[in-house]
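Here are my notes after a first pass through the two chains. Have a look at the picture, then read on.

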Amino acid sequence: MRTLVIIPAYNEEGSIASVIEDIHRNAPSVDIIVINDGSSDHTEEIATQAGARVLTMPYNVGIGGGMQTGYIYAQRMGYDIAVQMDADGQHPAAELPKLIELAGKYDLVIGSRYVEATDYRSPVLRRTGILFFSALVSLVTRQRFTDTTSGFRAAGRKVIDLYADYYPIDYPEVESIVYLKRKGCSITEVRAEMHERKAGRSSITPLKSVYYMIKVTLAVLMSALRFNRTAVSK
Amino acid sequence: MSIYVLSVVIAALFLLSILELVRRQKLKEQYSLLWILFSLILLIISFNVSLVERIAEWLGVKYAPAVLFLFGLLFCFAIILHLTIVITRLSSQVLRLTQEVTIMKEREDLHGQND
């Protein structure tokens, strides 16, 4: 099984090297591709030095567009499994083997902070948002999800193809689950330990989080209403 | 010069400018259709002002020019909506192109190292 770890990075020079080293230590057989999404710092050089392949976008396309680039790449290069990880060090590579192993059985494996208690503690507001989206997605897909905003995921070939075809542009995590369920994919959650970010800060400000809630809710409802039609016309 | 003559002249000039833009390929035919339709309606109304009054009466609108404003506004909404649809399509196309170029560039670098 050829596995590719996709790490979208926008100005993550402070943490990207340790993320790559962490993966090399815990899962030496996987390939790593860093999607350098128009960073203005030294993300590209540092990631290359740390031993990752780097795809540099000519301008900032946003998290969804960057992630999709990774999936298109995985599809073209014929990878069996693609794992998406954050560049800020939130996702410990020690959990990688568990996700990769389960990706053989399910189309998508989501690393969850809440499927059973982990040491991760999140602020009340964020926790509320996470609970809301978990309830919304569980309702729409009729499958219980505990951590729909988790960006720690392993995808098999079917999902690689589907994500190469369509992936939401911004705040993609929640909607992308509903999209896969609509396409008849099997999805499971697995307990995954997560850290607080090592460097940089969350891209989500109070104003953005209002937009986030409304946009993602609308996207989930619309995605559920699309039934089995292709979401994007080509 | 009365306002009627003036409005006919303006409407005719408007229609001509649209057609000229299409001729010079500054405006695509597909995007010009809404504008041509709009300028034709403008021309018809300018020639036949009582038409607006009849429509106003028929709709039960007391102040006839309000009908003009209403349809003018509706047309603006229609064309703006059309534009945002076009922008949505364009931005997905640009994103896909960016992704393709990014991947091609990496492969080229890879081949460059092998040679």
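**Notes on chains A and B**

1. Let's start with a pairing. In chain A, strand 1 (residues 3–9) runs parallel to strand 2, and six bridges link the two. Keep in mind that this is a predicted model. Within that pairing, Ile7(A) sits opposite Val34(A) of strand 2.

2. Strand 2 of chain A covers residues 31–37, and six of its seven residues are buried, so the rest of the structure largely encloses this strand. As a reminder, side chains in a regular strand alternate between the two faces of the sheet.

3. Now the whole of chain A. It has eight helices and seven strands. A compact globule of 234 residues would have a radius of gyration near 17 Å, and chain A agrees with that at 16 Å. The C-alpha trace spans about 45 × 40 × 35 Å along the principal axes, and 56% of the residues of chain A count as buried.

4. What about contacts in chain A? Taking those between residues at least 6 apart in sequence, 76% join residues at least 24 apart.

5. Chain B has another make-up: four helices and zero strands, in the order α-α-α-α along the sequence. For 115 residues, a compact globule would have a radius of gyration near 13 Å, but chain B comes out at 23 Å. Its C-alpha atoms fill a box of roughly 80 × 30 × 15 Å along the principal axes.

6. In chain B, 21% of the 115 residues count as buried. Of the contacts in chain B with a separation of 6 or more, 50% come from residues 24 or more positions apart.

7. Leaving aside residues up to four places away in sequence, Val22(B) touches Leu27(B), Glu29(B) and Ser32(B). Ala78(B) is 56 residues away along the chain, and its C-alpha atom is 20 Å from that of Val22(B).

8. Last, surfaces and charges. The accessible surface of chain A is about 10,500 Å², with 56% belonging to carbon and sulfur atoms. For chain B the accessible surface is about 8,800 Å², and carbon and sulfur atoms hold 71% of it. Chain A carries 27 positive and 26 negative side chains, with the centres of the two sets 8 Å apart. Chain B has 10 positive and 9 negative side chains, and there the centres lie 8 Å apart.

Definitions and conventions:
Residues numbered from 1 in each chain as written. Chains lettered and ligands numbered in written order. Predicted model: local features only at pLDDT ≥ 70, side-chain atom pairs only at ≥ 80, totals over all residues. Heavy atoms only, no water. Rg over C-alpha atoms; globule rule 2.2 N^0.38 Å. Buried < 20%, exposed > 50% of the residue type's maximum accessible area, 1.4 Å probe, protein only. Contact = heavy atoms within 4.5 Å. Areas by Shrake-Rupley, 256 points an atom, 1.4 Å probe, with all protein chains shown as cover. Lys, Arg positive; Asp, Glu negative; His and termini not counted. Charge placed at Lys NZ, Arg CZ, Asp CG, Glu CD. Pairing = 2+ DSSP bridges.
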